[in-house]
Amino acid sequence: MRYILYCSCIFLLLSCAQFVPPTGGPTDKAAPKLLKANPSNKTKNFQGKIISMDFDEYIDITALKQELIIVPDPNIAYLIKQKEKNVKLVFEKQFPDSTTFTLNFRNGIKDLSERNPAKNLKIVFSTGTEIDSLTLSGTILDLHTKQPVLDALVGLYKKDTLPLNKKKPDYFMKTDTSGKFLFENIKSDKYFIMSFTDKNQ
């Protein structure tokens with residue numbers, strides 16, 4: 001009986017293990033670097049349902065669900081799975097055909113020790129034979145103060161989308177600390193553009 005109890009205690013201790021940043025030593029100021037991605041950036045004819053990324057150090061993905069922006073929105077549910085230095089996005093089904101998608105991770109992936117976010121981390125892929133190349137940039141200013149607006153939503157709507165407030169934008173993103181935005185890899189078309197702040201989701 002003692003032997004059985006002892007084994008149970010060992011099992012419980014092992015099952016509770018968690019990644020903990022090491023203490024001591026110099027401060028880690030380096031952001032995590034992407035070593036490998038599948039699909040790789042600018043992949044064409046992607047038909048998979050899993051996006052996998054390997055980094056050069058252990059990572060923290062606590063805020064990934066809130067930070068990740070996928071444009072255009074594929075409206076597909078997905079799970080986030082992490083194992084050591086790897087993170088996977090497992091989608092419920094394949095992405096819509098003949099479309100270029102951009103995954104902007106913003107500050108969603110950080111190193112485990114000092115929480116330094118990966119810089120300018122984006123993955124672009126196409127489910128068709130071409131990567132869309134249209135770009136659009138600008139700055140959002142407050143109408144009254146003329147100051148840049150941080151985290152304003154900027155939406156692009158195809159020209160036949162009316163009224164704009166009744167439909168999600170085809171492409172969307174948030175402004176940076178300078179009120180600037182940059183859309184890349186957009187399908188060539190005519191769009192309405194609208195910016196707003198969302199106070200209550």
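In the predicted model, Phe-46 and Phe-125 are both buried. Their rings form an edge-to-face aromatic pair, with 4.9 Å from centre to centre and 65° between the planes. Phe-46 is located in the loop between β1 (34-38) and β2 (50-55), while Phe-125 belongs to strand β9 (residues 122-126), so the pair ties together parts of the chain that are 79 residues apart in sequence.

Phe-125 also pairs with Phe-101 in a tilted arrangement, where the centres are 5.9 Å apart and the planes make an angle of 35°. This second pair again links distant parts of the chain, as Phe-101 lies in strand β7 and Phe-125 in strand β9, 24 residues apart. The relative accessible area is 2% for Phe-101 and 0% for Phe-125; because buried denotes values under 20%, Phe-101 qualifies as buried, and so does Phe-125. Phe-46, Phe-101 and Phe-125 are members of one aromatic cluster that also includes Tyr-78, Phe-91 and Phe-95. The aromatic pairs number nine by the rule applied.

Two lysines are placed over tyrosine rings. The charged end of Lys-65 sits over the ring of Tyr-78, at 3.7 Å from the ring centre, and Tyr-78 belongs to the aromatic cluster. Lys-85 lies over the face of Tyr-58, at a distance of 5.4 Å from the ring centre.

Thr-102 is found in strand β7 (residues 100-104) and is buried, its relative accessible area being 8%. Leaving aside residues up to four places away in sequence, Thr-102 touches Ile-69, Ile-70, Val-71, Lys-122, Ile-123, Val-124, Glu-184 and Asn-185.

Key. Residues are numbered from 1 along each chain as its sequence is written. This is a predicted model: local features need pLDDT of at least 70, side-chain atom pairs count only at pLDDT 80 or more; totals for chains, interfaces and linings use all residues. Side-chain values use heavy atoms; hydrogens and water are left out. Helices (H or I, at least four residues) and strands (E, at least two) are DSSP runs, numbered from the N terminus. Buried means under 20% relative accessible area, exposed over 50%, partly exposed in between (1.4 Å probe, protein chains only). Contact means heavy atoms within 4.5 Å. Rings of Phe, Tyr and Trp (its six-membered ring) pair if their centres lie within 6.5 Å; planes under 30 degrees apart count as stacked, over 60 as edge-to-face and the rest as tilted. A charge sits over a ring if NZ of Lys or CZ of Arg is within 6 Å of the ring centre and within 35 degrees of the ring normal.
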